[in-house]
Amino acid sequence: MSANNSDLELVSLTKRYGPTVAVDGISHIFAPSSYTCLLGPSGCGKSSTLRMIAGHEVVSEGSILLKGRDISALPPAKRGTAMMFQNYALFPHLSVLDNVAFSLKMKGVDKAERHKKAGEMLELVDLTSLSDRLPAQLSGGQQQRVALARALITRPQVLLLDEPLSALDPFLRIRMRAELRKLQSELGISFLHVTHGQDEALALADEVVVMNNAVIEQAGPAREVFNAPKTKFVAQFMGGHNVIALPEGPVAVRTDAVTTTAVEEGRIQANVLAVEYQGTHVSVLTRITGDQEVTALIPDAAFFAKPHTPGDQIGLTWDQANQHQLTA
């Protein structure tokens, strides 16, 4: 993809706080009108990256391009981006309607016009009936939708979301994931969403950008990154993989690709450490030579047809096609 038709491009983007390098020269071209998740553990640099794109952190080096225009030095309101914060940051004394209309008020848009636009946004997030309420009279999920409407009213080219679902209970989080995904496809603008939850990233993202230690470890379509991790870190962080040291080098093997057999039939011998029933599957944690732990995720019917208990000696096997050589 050429950079000029992409919505957003990072060029050797760097952020230093004193001697600490929080983001270390990352470059990435984001696909236009896509849902991208920046994913990684705490302190990996993902939030600093988002805040630099938003204009809430000064860029130490490198640049941020939006539709080919360098926005690195522009104030947040002039960038064509909008940020939705983790804590929603709603004004407690303003009604839902006035919270959503606030940025238009700052731009000097007259009351009738800004209320009309705010009304359209509330319709979009399904909150028309609550426009007169104060934030304290809303549930967490409703507050989040107000924050979303307020960010979208400026008609940004890119919406930036900083861990937007972390304050919600698990049931609501799954519902809001579906709403965010639907909204992004309806609006056709790029969403860039920071999270440390790989399940959230897989559920939402067209593209996943995995960060670790201030750099991008791997980026690509969500399914590709999950199925073919390139490094040990990505394999372990995305979950669902074992990293096994074999004579030919380290490989990643999905837990659901490992099957248990009799000792003599296995590719490797293992000792069962723990068995955990997970509904559709049973997780069998084992130890193999070299003190390595390997998990096999067995469909529940198959497991209970031939159950194992901790202490059992078993064989583990997997199809050669399901192992991926790791580069690091």
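## Overall architecture

Helices, taken as H or I runs of at least four residues, and strands, taken as E runs of at least two, are DSSP runs numbered from the N terminus. On this basis the protein chain, a predicted model, contains 9 helices and 18 strands. Its C-alpha trace spans about 80 × 45 × 35 Å along the principal axes.

Of the 328 residues in the protein chain, 47% are buried. Among contacts with a separation of 6 or more, 64% involve residues 24 or more positions apart.

Strand β7 covers residues 158-162; 5 of the 5 residues are buried, so the strand is largely enclosed by the rest of the structure. In a regular strand, side chains alternate between the two faces of the sheet. In β7, Val158, Leu160 and Asp162 point one way, while Leu159 and Leu161 point the other way, and all are buried.

## Pairing and crossover

Strand β6 (residues 81-84) pairs with β7 in the parallel sense over 4 bridges, and Met84 stands opposite Leu161 of β7. Strand β8 (residues 190-195) also pairs with β7 in the parallel sense, over 5 bridges. Within β8, His193 is the bridge partner of Leu161. From β7 the chain passes through helix α5 (residues 170-187) to β8, forming a right-handed β-α-β crossover.

Terms used. Residues numbered from 1 in each chain as written. Predicted model: local features only at pLDDT ≥ 70, side-chain atom pairs only at ≥ 80, totals over all residues. Heavy atoms only, no water. Buried < 20%, exposed > 50% of the residue type's maximum accessible area, 1.4 Å probe, protein only. Contact = heavy atoms within 4.5 Å. Pairing = 2+ DSSP bridges. Right-handed = clockwise from strand over helix to strand, strands pointing away.
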